[in-house]
Amino acid sequence: MNTAAKRAPAPDAPSGDESSESLRRVAVASFVGTAIEFYDFYIYGTAAALVLNEAFFPNLSPLNATLASFSTYAVAFAARPIGSLVFGHFGDRVGRKSVLVASLLLMGLSTACVGLLPGYSTLGVWAPLLLVFLRFLQGIGLGGEWGGAALLAVEHAPRGRRGLYAAFPQLGPSVGFFAATGLFWLLSAVLDDRAFASWGWRIPFLLSFLLVAVGLFVRLKISETPVFARVMKQQEASRAPALEVFRRHPRELLLGAGGMVVAYGLFYTATTYCLAYATTTLGLDRGTMLGLSLVACLFLAAGTWLAATRSDGAGRRRLVLAGSGLAVVWGLVLFPLLDTGQPVLIALALGGALFCMGVVYGPMGAYLPELFGARVRYSGASLAYNLGGVLGGAVSPLIATRLQAGFGSASVGWYVSAMAVVSLLCVLALPETRERELG
């Protein structure tokens, strides 16, 4: 068990001068930052499903072009643990705030540059190579984002309300995905296919320039967390936080990563892969599928908020287990509903999958940080979160594409259920944490 996380040298509630106004500012900053960062990340996933195969891999067969597009998509997941190591190191040694500003800049600018990148017809083989490089930078930026945003909220929160405050950064992905999908839906509605494939898909990427400016304005107004300020005051900062995590907390790291697998697997199967599957294999209209994805995103937000806020009373572990168990069942009905081709049933299929994901994901905003002590919390929580992404998110669209081609859509549902079982078993091996002190 993580004894460092159980120590209680000081209460983790904010100090007396921590006003309700400053707490609201922290909640807004953690929410806005993750919403922008995940918007940047998700527009790539949507573009990968709809257009990047034709823009950057026109000489491949449709199946291989889709696989190549999803492979560039997976590159960022491989980069995210590297981002966790780099940003986690400085986040545990220098502070949460400054690192969050750097991650926002890296993520936002690399995303905007994708919108400026010429396609294969202009640059030849350099186009996909530069696309992979920018995607790699995206992954490094996002690898440092989530841990810092979660700690910003959790380490400012009063005791007994950490799940509530962590709900705000956890809502960022829902809002980012809704904005990304909504913008692609709008562009699909107002542009013909030729215009969309030629230049329309670039608009969401170029908007990242503006969003980075907004995010910086919000984040520069927040203060360092009181928990980290005490670590620095007591000169307890770790010299090598990542090494300390691997050496002293391997159990929490690996089991925490395993607990995240189903959240990633559900999300990227139900969004990126299902969007490609429905518009190509099932022949459904692109605008219709984007609209149904918007509806499903509301289920994700509802599940995230409900589980995160309830976790302060019911416990993080219990709710994550409930979401994982529900996902085991939903994986088996996801594709039978999708294959009907009926919009209402497709919305139910996607909405149910994302609701399950939200129930798992919501409490994780407080659960993963509580598994680690303050001196290594940024590195530990970020690594667990992003290693789970490699296992659950990076390979899900690739494996799903291969499974469907070889064994039919039902096999993809079994794959989703298998990921849910893995997460269920990992979380069963972890303790409850809501009563732990953060100092």
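1. A salt bridge here is a side-chain nitrogen of Lys or Arg within 4 Å of a carboxyl oxygen of Asp or Glu. By that rule, Asp312 and Arg316 are joined through their side chains at 2.9 Å, N to O. Both Asp312 and Arg316 are buried (under 20% relative accessible area, with a 1.4 Å probe and protein chains only; exposed is over 50%, partly exposed in between).

2. A word on the basis: this is a predicted model, where local features need pLDDT of at least 70 and side-chain atom pairs count only at pLDDT 80 or more, while totals for chains, interfaces and linings use all residues. Residues are numbered from 1 along each chain as its sequence is written, and side-chain values use heavy atoms, leaving out hydrogens and water.

3. Arg316 has another partner to look at: Glu370, with the closest N and O atoms 2.7 Å apart. Glu370 sits in helix H17 (residues 343-370) and Arg316 in helix H16 (residues 316-338), so this pair ties together parts 54 residues apart in sequence. Helices are DSSP runs of H or I with at least four residues, numbered from the N terminus.

4. Arg96 and Glu155 also form a salt bridge, at 2.9 Å from N to O, and both are buried. Shared partners link Asp92, Arg96, Glu155 and Arg377 into one network. In total, the structure holds 13 salt bridges.

5. Now to the nonpolar core, meaning buried Ala, Val, Leu, Ile, Met, Phe, Trp, Tyr and Cys residues joined through side-chain atoms within 4.5 Å. The largest has 119 residues, with Phe56, Trp201 and Leu368 making the most contacts inside it. Helix H14 (residues 250-280) supplies its largest share, 17 residues.

Definitions and conventions:
Helices (H or I, at least four residues) and strands (E, at least two) are DSSP runs, numbered from the N terminus.
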